[in-house]
Amino acid sequence: MKHKITLNIASSQDIIKTLDYLMDNYDEIAKDSYEDSGLEFYDNSTNNVIELDASIHPEIPNYSELAFYLNVVDNEEVLEKVEKFTQMVIEKNSSKSIWMNDEVQMGLSATFALAFKDKRYISNFVDVLRTFNLNHEVYEPFFIELLVEKWGICDETLFLLATRSVSIEGQWGIDEYELPELNSEQKDKFVTYLLKDTLKAKVVFSDVLLDTIEILEIPVDANKFESLFEYDKPQFNEDNIPDLSDLQ
C-alpha cells in the first residue's frame with residue numbers, strides 16, 4: 001500500500017504544509033517508500049487521487065506524485081519550497097539514493113516538475129540526476145526528451161545534453177534524441193559544457209565523448225581532443241576549459 005498524503009491542492013497553505021511534512025519526515029518516508037510503493041496524493045476537497053488530465057508522455061504513466069508536483073509548481077509561492085526539497089534529496093543521496101518504488105527514485109518527479117515549469121531549474125534537475133543510480137533508468141530518458149522538446153535548443157538544454165553525455169549518461173546517450181542541427185555558436189557552447197562536465201563525472205571515456213561530438217557533427221581534431229585526457233582524466237580545470245577553436 002502506498003504512503004497516502006491528503007491535502008487541498010487548491011490551497012497554497014496546504015501545499016506548503018505538505019512539502020514541510022515531506023522534508024520533516026524525509027528519513028521515515030524514505031525508509032518505508034520502496035516497500036510501500038511510493039507516495040500517493042489525495043485532494044481532500046474531492047477525496048480523489050490527484051492525477052493529470054492526460055499523461056505527459058506515452059512512456060510515462062500518470063502517477064500521483066508526478067501529478068502533485070506538476071500542479072504545485074504552477075504556484076509561484078511554493079517554487080522555492082520545492083527546490084529546497086530537491087536540495088535535501090541531493091544531500092541525502094550523497095550517502096544513499098532512495099527508490100520510491102522499482103521505477104522512480106526520490107526527487108525525480110519534483111525536480112522534473114521544476115525544470116518543466118522554468119528552464120532555469122534544468123541545472124537543479126541535473127544535480128539531482130547526478131546522485132541517482134542511472135544504471136537502472138526507467139523514466140529519466142523520457143523526462144529529458146520532454147525538457148528538450150519544450151525548451152528547444154538553448155543554453156539550458158545544451159547543458160542538459162552535454163551532461164547526458166558524461167555525468168548523467170546512464171544507459172542512454174544523446175543519440176536517442178531527435179535534435180536539430182546546431183549552429184556554430186551552439187556547437188561551441190556544447191563542447192564547453194561537455195568538457196566542464198568531465199570535471200564532475202566519476203568516470204570519463206574520451207572515445208565516447210568523441211562519438212557524441214561526431215553525432216552532433218561538431219568538427220574537432222580527434223588527436224587534439226584525446227590529448228585533453230590522460231588515463232581518462234581531464235588534463236584541464238575549471239579555469240582553463242578549452243573551447244572549440246582550440247580543438248579544430
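Begin by selecting helix α6, a mostly covered element in which 6 of 8 residues are buried. Buried here means under 20% relative accessible area, exposed means over 50%, and partly exposed lies in between (1.4 Å probe, protein chains only). Helices (H or I, at least four residues) and strands (E, at least two) are DSSP runs, numbered from the N terminus. The model is predicted: local features need pLDDT of at least 70, side-chain atom pairs count only at pLDDT 80 or more, and totals for chains, interfaces and linings use all residues. Residues are numbered from 1 along each chain as its sequence is written, and side-chain values use heavy atoms, with hydrogens and water left out.

**Helices α6 and α8**

Within α6, display the side chains of I122, N124, F125, V126, V128 and L129, which are buried. The buried residues of this helix pack against α4 (76-93), α5 (108-117), α7 and α8.

Proceed to α8 (155-164). This helix is also mostly covered, with 7 of its 10 residues buried: T157, L158, L160, L161, A162, T163 and R164. The partners of these buried residues are α6 (122-129), α7 (140-151) and α9.

**The loop at Y177**

Next, select Y177 in the loop between α8 and α9. Is this residue buried or exposed? Y177 has a relative accessible area of 10% and is buried. Leaving aside neighbours within four places in sequence, Y177 is in contact (heavy atoms within 4.5 Å) with P141, I144, E145, L161 and R164.

The side chain of Y177 reaches the backbone oxygen of P141 at 3.3 Å, and the side chains of Y177 and R164 make a polar contact at 3.4 Å. A polar contact is a pair of N or O atoms within 3.5 Å; within protein, one must be able to donate a hydrogen and the other to accept it, and residues adjacent in sequence count only if both atoms are side-chain atoms.

Centre the view on F190, which touches L158, L161, A162, S165, I174, L182, T212, L216 and I218, not counting residues up to four places away in sequence.

Now move to T198 in helix α9 (residues 184-198). T198 is buried, with a relative accessible area of 2%. Beyond residues up to four places away in sequence, T198 touches V166, V204, L209, F229, P234 and F236.

**Aromatic rings**

The structure holds 11 aromatic pairs. Rings of Phe, Tyr and Trp (its six-membered ring) pair if their centres lie within 6.5 Å; planes under 30 degrees apart count as stacked, over 60 as edge-to-face and the rest as tilted. Show F225 and F229, a tilted pair with 5.5 Å centre to centre and 45° between the planes. Both F225 and F229 are buried. The rings of F229 and F236 have centres 5.9 Å apart and planes at 75°, so this pair is edge-to-face. F229 counts as buried at 9% relative accessibility, and F236 is buried with a relative accessible area of 9%.

For a further group, select Y26, F41, F68, Y69 and F85, which ring pairs link into a cluster. Then go to F116, where the charged end of K150 sits over the ring, 4.2 Å from its centre. This description requires NZ of Lys or CZ of Arg within 6 Å of the ring centre and within 35 degrees of the ring normal.

**The start of the chain and the whole view**

Select K2 in the segment before β1 (3-7). K2 is partly exposed, with a relative accessible area of 33%. K2 and N101 are 99 residues apart in sequence and 9.7 Å apart in space, C-alpha to C-alpha.

Finally, zoom out. The chain has 11 helices and 5 strands, and 49% of its 248 residues count as buried. Its C-alpha trace spans about 60 × 35 × 30 Å along the principal axes. Of the contacts in the chain with a separation of 6 or more, 69% come from residues 24 or more positions apart.
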